[in-house]
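Hi,

Here is the structure I said I would pass on to you.

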Number of protein chains: 2
Amino acid sequence: MEAMRVTYRLDVEPASAAARAEELALEQTVEVPRIVVRDPFIADRIMGQVEDVSPDPEGGQRITVRYPVAATAHDPAQMMNVVFGNSSLHPDVECVDVELPDSLLEALRGPRFGVEGLRKIAGVHGRPLTCTTVKPMGQSPDALAGLFRIFARAGVDFIKDDHGLAEHSFCPFEERVRACVAAEADIFEETGHRSVYVPNLIGTPKTIFRQLDVAEALGARAVMVSPMLIGLPVFWEICQERASVPVLAHPAFGGAQRIRAEALFGRIFRAYGADAVIFVNSGSRFSPPEARCRRLAEYLTTPWGGVLPALPVPGGGIAVENAARIARQYGVDSMLLIGGNLQIEADRTAERCRAFVDAVATAGVD
Amino acid sequence: MEAMRVTYRLDVEPASAAARAEELALEQTVEVPRIVVRDPFIADRIMGQVEDVSPDPEGGQRITVRYPVAATAHDPAQMMNVVFGNSSLHPDVECVDVELPDSLLEALRGPRFGVEGLRKIAGVHGRPLTCTTVKPMGQSPDALAGLFRIFARAGVDFIKDDHGLAEHSFCPFEERVRACVAAEADIFEETGHRSVYVPNLIGTPKTIFRQLDVAEALGARAVMVSPMLIGLPVFWEICQERASVPVLAHPAFGGAQRIRAEALFGRIFRAYGADAVIFVNSGSRFSPPEARCRRLAEYLTTPWGGVLPALPVPGGGIAVENAARIARQYGVDSMLLIGGNLQIEADRTAERCRAFVDAVATAGVD
């Protein structure tokens, strides 16, 4: 019988680990004391079963729980409910990793474009990709499109909205997308290089589905969303049932989850359909351990059932001066995201941007 | 100029607190170094401003940041992005509380039914309400409806689905709702007491909006969702633009957020429109501090702009034997939720359920 395996780290003493693990397995499925489970179908096909309890090298106990896949209903919301619904309310639990059985991964489907699809759209092969952000929030559509032109002229591959660009009265979505898509076409005509503009979708389903339709109608060739902010099930529906262009995933509101970054951004985001996943890099203004970032990138790109690889996008405060090193660190199948650092010298944004593009192109990545 | 004020606790030394606070205010709005903000409109109308930095009695530093309301676009997704989007990725920050200006609270709207609306539907005034759960997951619609009959006959006010009941093949949503709504009507005819059946909505927007339509068409008089699992913006759209019945909010997947329970469940859930908010009670199988639970309940019920009060629903492992004490603790405007504990003695579920109902009715709450 197919099962989803989830590992957790419990902050408990060894003596109480087995009992605590058993409680967790019940909490995540039947949510009643074991004594209430009198039906053998429920005990076999629904209830979580503890498979392993052992000391965790990082302290506490590492436990593995096996959940019959039937409990998830193969639904993107119910799956996360089984993974970490009520147990997220227990302060002694951290969700460490998730192993999805074939039928669940097939139901989720994963990236529709993935690394190769994004490369095709950008027309870039054999080197890491580059990415930057039109920001800060507060500018008009024309001002943002002006910034877009600087970045595109310098040859950046993907130019995305800041994840905080919403339906602001001073910068309505439709006007912004229209202005940036026009800028994309103009610079293509001027230079022969066609950057990919990536508008940010944000709001309730009604708003976000309208934004997606508008973006696609105006010719945007990719979009971005923050899955944890809009909700993982909405994210899934956008990827699998609504978008005809690739979807970049932004990590906003996701760090607060007591789920490891590599499990949430590396596995779940990919399984749900992100074509590219932005994450905060070690040594940036966020400081996750380097080993975790490496693992996250591996999770996104290693073979996984029939699911396409997704593009790792390290960001979160990379300086132009470090771009070549980070490109070498993540290798060819990656996209470097530099945002505010391109703009720190007034009137020298174009120069810094060209330095970024050159650094990645000449980093000697193979 | 209107502003949203958010307080955070930073795990930093006093000497670095002011600089770290300033970084956080930038991260949440302009997301560029201060030097890049050259436009006075952006500095005044968009950028976060640190208002206060002082030692936190719980350790670390307490900071208050003032965000111009314009940055939120009065949008339910973008608001949370400004509150805790990127900063949630910083391990040294906890979001402590949120103060919403009038225009934002008006845009969000809050509960449509609230405490009085729920009392009216249940026909109960002057005492705390009672609530239980049809579970465990894995049962057929008929089996769950059978359990419903036991609870309804005993006189429980609200009888909700377990939050893990999804579109399972062995228990499709429509069949379950049809069976339980029929049971509600049967027991009303039999006893003159009409319990309120509350189906659980879960899935992607497409699934969940269909479930809502089905539930309302079949005569369900309230529904439940888990806002953090389906996404806060979806939750808002359900409450404010789609549901014509009251909405109960379940805390699943919400504890992992490094946002205090009282801020997330007490303020945000109410502002977004929850008519009743389920939370894990102190002394339950979850153990939040009692003072925080009290504060959470206060946040739900105290006057707040023009927004209706929402019903506090303590749960998470209350034993029948403690019901009277907890009823006195939370007072008249509360609803006690007891789930699995009603079912721990085989074939005595009805008796335990009546004991629960009696305990609350005779708790001497005023």
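Below is what turned up, going from the whole assembly down to single residues.

First, some ground rules. This is a predicted model, so local features need pLDDT of at least 70 and side-chain atom pairs count only at pLDDT 80 or more, while totals for chains, interfaces and linings use all residues. Residues are numbered from 1 along each chain as its sequence is written, and chains are lettered from A and ligands numbered from 1 in the order in which they are written.

**The two chains**

Now the contact between the chains. It takes 67 residues from chain A and 67 residues from chain B; two residues are in contact if their C-beta atoms, placed from the backbone, lie within 7 Å. On the chain A side, helix 2 (40-45), helix 3, helix 8 (205-218), helix 9 (227-230) and helix 10 (232-242) each give two or more residues. Helix 3 of chain A gives the most, with six residues. (Helices, H or I with at least four residues, and strands, E with at least two, are DSSP runs numbered from the N terminus.) By class, the chain A side divides into 36 nonpolar, 19 polar and 12 charged residues. Here Ala, Val, Leu, Ile, Met, Phe, Trp, Tyr, Cys and Pro count as nonpolar, Asp, Glu, Lys and Arg as charged, and the others, Gly among them, as polar.

**Two domains in chain A**

Chain A splits into domain 1 (3-108) and domain 2 (114-361), with bounds that come from an automatic or database domain assignment. Their C-alpha centres lie 33 Å apart. Where they touch, domain 1 of chain A supplies 14 residues and domain 2 of chain A supplies 13 residues. On the domain 1 side, helix 3 (76-84), strand 4 (93-99) and helix 4 (102-108) of chain A each supply at least two residues. The largest share, five residues, is from strand 4 of chain A. That domain 1 side has 10 nonpolar residues, one polar and three charged.

**A sheet and a helix pair**

Chain A has an open sheet of four strands in the order 8-9-10-11, with parallel pairing; two strands pair if DSSP finds at least two bridges between them. Which strands stand at the edges? They are strand 8 (223-225) and strand 11 (311-315) of chain A, each with a single partner strand, so one side of each is left without a neighbour in the sheet. Neighbouring strands are turned by 25 degrees against each other on average, direction ignored. (Axes are lines fitted to C-alpha atoms, for helices over the stretch in contact, and angles run from 0 to 180 degrees between N-to-C directions.) Strand 10 (residues 276-280) of chain A pairs with strand 11 over five bridges, and A:A276 stands opposite A:L311.

Chain B also has an open sheet of four strands, in the order 8-9-10-11 with parallel pairing. There, two bridges join strand 9 (residues 247-249) to strand 10 (residues 276-280) of chain B, and B:L248 stands opposite B:A276.

Back in chain A, the axes of helix 13 (residues 323-330) and helix 14 (residues 349-361) come within 8 Å and cross at roughly 35 degrees. A:A323, A:A324 and A:A327 of helix 13 meet A:F356, A:A359 and A:V360 of helix 14. The contact has six nonpolar, no polar and no charged residues.

The peptide bond from A:K135 to A:P136 is cis, with omega near 5 degrees. A:P136 is in the loop between strand 5 (129-134) and helix 6 (141-153) of chain A. In chain B, a cis peptide bond joins B:K135 and B:P136, with omega about 5 degrees.

Then there is A:A73, a residue other than glycine with a positive phi, near 55 degrees. A:A73 lies in the loop between strand 3 (61-68) and helix 3 of chain A.

Cheers
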